[in-house]
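Please keep the view open and find each residue as it is named.

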2 protein chains.
Amino acid sequence: MALLVLEALSKEAFAPFGEVIEIEGSDWFPINNGSTQRYHKLGMVEVLGEGGYPAISMARGAAFDFPLSINMLERHPLGSQSFIPCNGVPFIVVVAPSLPNGMPDERGLRAFHVRADQGVNYRSGCWHHPLISLGKEGDFIVVDRVGSGHNCDEVVLSTGYRIEAANPP
Amino acid sequence: MALLVLEALSKEAFAPFGEVIEIEGSDWFPINNGSTQRYHKLGMVEVLGEGGYPAISMARGAAFDFPLSINMLERHPLGSQSFIPCNGVPFIVVVAPSLPNGMPDERGLRAFHVRADQGVNYRSGCWHHPLISLGKEGDFIVVDRVGSGHNCDEVVLSTGYRIEAANPP
């Protein structure tokens, strides 16, 4: 069992894996005669291959608590996938880059603490752990590819990884 | 100035205009070994015409209070547009069907009170009023078409409409 250090999520740190969907630190322009600020194009929705199209779904994730055990990852080769909290719940994101053979590079495994006012949008093919709501059940907006086609791969990692509570990262 | 009666939002009532994005009353299936409930395909993301693609943006809308004045509507002919609250703010949605000539049919004007745990996804071409967060500043997830092309029409209504506080609808 290896220890995986928890990092604070930022646009820069997450850039190799996708986008952070957040208002803080993002550019905006006024719309609606100035009554609304639009934070434009924070995440790109990718839909690849035949038979797929973009849709909005929701996910209700069970509550998890530290210490967390990470034993597998999954990826969606045909599209991006976002998770954006809508009931004020922070969550944990675990991602890894890909090796030349397409498998996750465990030496590059990263764990991020995502604040309740942040979301993530995984690039197509990004290895990531399934949803980990922190402390209470979380409701999330999911924007991803639906339809036909093989769009989910799973791998068991070579060892288990443990994430301990941060103060907060 | 005509009075516009506020209705509670439901999937059925909103069906002519688009979809309600909500967990309540929606079907789900288990994913992630049972730790997550997926409420699948609650809203369809439409992207029409050349030069457009789907993206995730955010909108921060100023707070409005009753009585509300409705004087104009807009529509996006080339794509759907969703507004889903992520900081616990209810909002007001005003929509109208289209006449054969494409203009809004004011006889069919409807106003809906949207709970903080509900979102809406306007169909492409649906006449709707710009964002009206109720009571406090609201942060919303927006999924719509970005890119090139003429994708916003606005019309001034033939008369002003007034929405008064409901108890709650």
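1. A strand, in these notes, is a DSSP run of E of at least two residues, and strands are numbered from the N terminus. With that in mind, β8(B) is the element that gives the most to the lining of the largest pocket, namely six residues. Please remember throughout that this is a predicted model.

2. The largest pocket itself has a volume of about 740 Å³. It is lined by 35 residues, and those closest to its centre are A:I31 and A:N32 from one chain and B:E74, B:H76 and B:C152 from the other. Two or more lining residues come from each of β4 (29-31) and β5 (36-44) of chain A, and likewise from β8 (68-75), β9 (81-85), β10 (91-96) and β15 (138-147) of chain B.

3. At least two lining residues are supplied by each of β8 (68-75), β9 (81-85) and β15 (138-147) of chain A, and by each of β4 (29-31) and β5 (36-44) of chain B. The largest share, four residues, comes from β15(A), and the lining as a whole divides into ten nonpolar, 13 polar and five charged residues.

4. Turning to the interface, 41 residues of chain B are in contact with 41 residues of chain A. The area buried between the two chains is about 3,300 Å², and carbon and sulfur atoms give 62% of that area. Within chain B, the residues that lose the most area to chain A are B:I56, B:M58 and B:R60, which together account for 21% of what that side buries.

5. Which polar and charged pairs does the rule find across the interface of chain B and chain A? There are two salt bridges, and there are 20 residue pairs in polar contact, with both residues at pLDDT 80 or more. The side chains of B:D144 and A:R38 meet in a salt bridge, with 2.9 Å from N to O.

6. On the side of chain B that touches chain A, two or more residues come from each of β5, β6 (52-61), β9 and β15 of chain B. The residues of that side divide into 23 nonpolar, eleven polar and seven charged.

Technical notes
Residues are numbered from 1 along each chain as its sequence is written. Chains are lettered from A and ligands numbered from 1 in the order in which they are written. This is a predicted model: local features need pLDDT of at least 70, side-chain atom pairs count only at pLDDT 80 or more; totals for chains, interfaces and linings use all residues. Side-chain values use heavy atoms; hydrogens and water are left out. On a 1 Å grid over the protein atoms alone, a cavity is a set of points where a 1.4 Å probe fits but cannot get out, and a pocket is an open set with protein on both sides within 12 Å along at least five of seven lines; lining residues have an atom within 4 Å of a point. Grid points are joined across faces, edges and corners, and a volume is the space filled by probe spheres set on the points. Ala, Val, Leu, Ile, Met, Phe, Trp, Tyr, Cys and Pro count as nonpolar, Asp, Glu, Lys and Arg as charged, and the others, Gly among them, as polar. Contact means heavy atoms within 4.5 Å. Buried area is the accessible area (1.4 Å probe) that two parts lose on being put together, summed over both. A salt bridge is a side-chain nitrogen of Lys or Arg within 4 Å of a carboxyl oxygen of Asp or Glu. A polar contact is a pair of N or O atoms within 3.5 Å; within protein, one must be able to donate a hydrogen and the other to accept it, and residues adjacent in sequence count only if both atoms are side-chain atoms.
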